[in-house]
Amino acid sequence: MIVRGFRWTVIGLIAVATVINYIDRNALAVMWPAIAEEIGATKNDYALLVSCFMVSYAVGQSLFGALFDKVGTRIGFVLAIGFWSAAICMHALARSVMQFAVLRVLLGVSEAGNWPGAAKANAEWFPARERALAQGIFNAGASIGAIISAPLIAYLFIALGWKATFVLIGVGGALWIIPWLIVYKTGPKTHPWLSEEERQHICAKPESTHVAVTPEDDYVPTLPQLLSHRQSWSVLLSRFFLDPIWWLFVSWLPIYLAETFGFDIKQIGAFAWVPYVGAMIGSLAGGALAGKLIARGWSVDRTRKWIITLGGALMLPALLLTRGADDPLQAVLLIAVILCGFQVAIGNIQTLPSDFFSGRTVGSLAGISGTFAVGGVLVTTWLVPVLTVTSYAPIFLLGALLVPAGVGAVWIFGGTIGRVSAKHPGA
């Protein structure tokens, strides 16, 4: 059986996994006001749980990045989603902050696998000119998951309570493994459902790179070699500075709405999905724009840098304006612009590992960059309770300061974006 455009089926399934990923991780934030009241927890306890998740998420990024490079994309995703579905189900058993902390660790480690896995699949199944769009489709899954999660979790909570909600979404996520194993039989070089024309399209040589790459010169650096390249640091540092902006809203938006505007869980469900519509638009627009610019003759280098800069130009003023938002609709619409800009930028940043290195290294660099990203997120996580005693304005200002640092890292350390080789490490 031949399936036309099969590569889009693969990335579509991964996008669905990402929807599940975000429903699962957001469930605690949406239901936290009720859970906190039941177990006697505080805002600082919530910050502790976010930190537990993020530290384990950092470890999981590097762990699964190496694991995906070793066992392959097919089995890597089975392990990741299988473990995180079990972890979210077990949240129903928690009765204290400490028990929730242990389960957030298990969830964080396993959910982290989704990102290096997606980056690796992107490098394997798409030529360079299509990778930003493929990454955008994958990232749109995160946005759709965030859009769905707030009203869905609020509805399930009202109907079933928080314990049954955790079990239901965990079982639902595990069912994804069935179509994945059916569809993802092998990689593109040998997959029986792939036409020869599409196989040749996928395996085409990288476009617009500054180093000619041949099979004999396929550079697979060790970890120390990987970290010796400034191109790697452009990815690590841009993620360190920019990812906290996304996680600020993923982790704290429901709490922000509750504390700033007095929202209950039903009202959170009605408003908290709005910003992620902007994120979804940014995911798809940033990827589609990259593909069009490359098709028009722009180099990968010029395309990536200018679209990442465009994302920063959207984020910065919106973050500054959100400081003074005194109406919930105004606030969520401004946050929608922030997340749109973030996704425009991050979709192209996340393609950089596959622009710089071969498929056998992409998972590792993507995983390490995810670990660095979590480092930045942990800093902001513990600053939120300190800086938001009377207002969330200081944390929005901090986010605005992070934007030029993250965009600047790509321009300063990225060099000419294209394939790196052992012979041309600093080009």
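Me: On a 1 Å grid over the protein atoms alone, a cavity is a set of points where a 1.4 Å probe fits but cannot get out. How many cavities of 30 Å³ or more does the structure hold?

Reply: The structure holds seven of them. Before going further, note that this is a predicted model, in which local features need pLDDT of at least 70 and side-chain atom pairs count only at pLDDT 80 or more, while totals for chains, interfaces and linings use all residues. Residues are numbered from 1 along each chain as its sequence is written, and side-chain values use heavy atoms, with hydrogens and water left out.

Me: Which elements give two or more residues to the lining of the largest cavity?

Reply: Elements here are DSSP runs numbered from the N terminus, with helices (H or I) of at least four residues and strands (E) of at least two. Those that give two or more residues to this lining are α1 (6–39), α2 (43–71), α6 (128–160), α11 (230–261), α15 (328–349) and α17 (359–387). To sort a lining by class, count Ala, Val, Leu, Ile, Met, Phe, Trp, Tyr, Cys and Pro as nonpolar, Asp, Glu, Lys and Arg as charged, and the others, Gly among them, as polar; the largest cavity then has twelve nonpolar, five polar and three charged lining residues.

Me: What is the volume of the second largest cavity, and which element gives the most to its lining?

Reply: The second largest cavity has a volume of about 120 Å³, and of the 13 residues that line it, R25, Y46, V50, R104 and S251 are the closest to its centre. The elements that supply two or more lining residues here are α1, α2 and α11, and α2 gives the most, with five. By class, this lining divides into nine nonpolar, two polar and two charged residues.

Me: How should I read a pocket, and what volume does the second largest pocket have?

Reply: A pocket is an open set of points with protein on both sides within 12 Å along at least five of seven lines. The second largest pocket has a volume of about 170 Å³, and of its 13 lining residues the closest to its centre are Y256, T260, T390, S391 and Y392. Both α11 and α18 (393–413) supply at least two residues of this lining, with α11 giving the most, three residues. The lining of this pocket is made up of six nonpolar, five polar and two charged residues.

Me: How many salt bridges does a search of the whole structure find?

Reply: Side chains of opposite charge can pair when their charged atoms come close. A salt bridge is counted when a side-chain nitrogen of Lys or Arg lies within 4 Å of a carboxyl oxygen of Asp or Glu, and the search finds eleven. One of them joins R7 and E198, at 2.9 Å from N to O; the pair links distant parts of the chain, with E198 in helix α9 (residues 196–202) and R7 in helix α1, 191 residues apart.

Me: Is E198 buried or exposed?

Reply: Buried means under 20% relative accessible area, exposed over 50%, and partly exposed in between (1.4 Å probe, protein chains only). E198 is therefore buried, at 5%, and R7 is buried too, with a relative accessible area of 11%.

Me: What does the salt bridge of D69 and K120 link?

Reply: In that pair the closest N and O atoms are 3.0 Å apart, and it links distant parts of the chain, D69 in helix α2 and K120 in helix α5 (residues 114–125), 51 residues apart. D69 is partly exposed, at 22%, whereas K120 is buried, at 5%.

Me: Which parts are tied together by R304 and D355?

Reply: Their side chains meet in a salt bridge of 2.7 Å, N to O. R304 lies in helix α14 (residues 300–322) and D355 in helix α16 (residues 352–356), so the pair ties together parts that are 51 residues apart in sequence. R304 is buried, at 0%, and D355 is buried, at 3%. Elsewhere, salt bridges that share partners join R7, E130 and E198 into one network.

Conventions
1 Å grid on protein atoms, 1.4 Å probe; cavity = no way out; pocket = protein on both sides within 12 Å on 5 of 7 lines; lining within 4 Å. Points joined across faces, edges and corners; volume = space filled by probe spheres on them.
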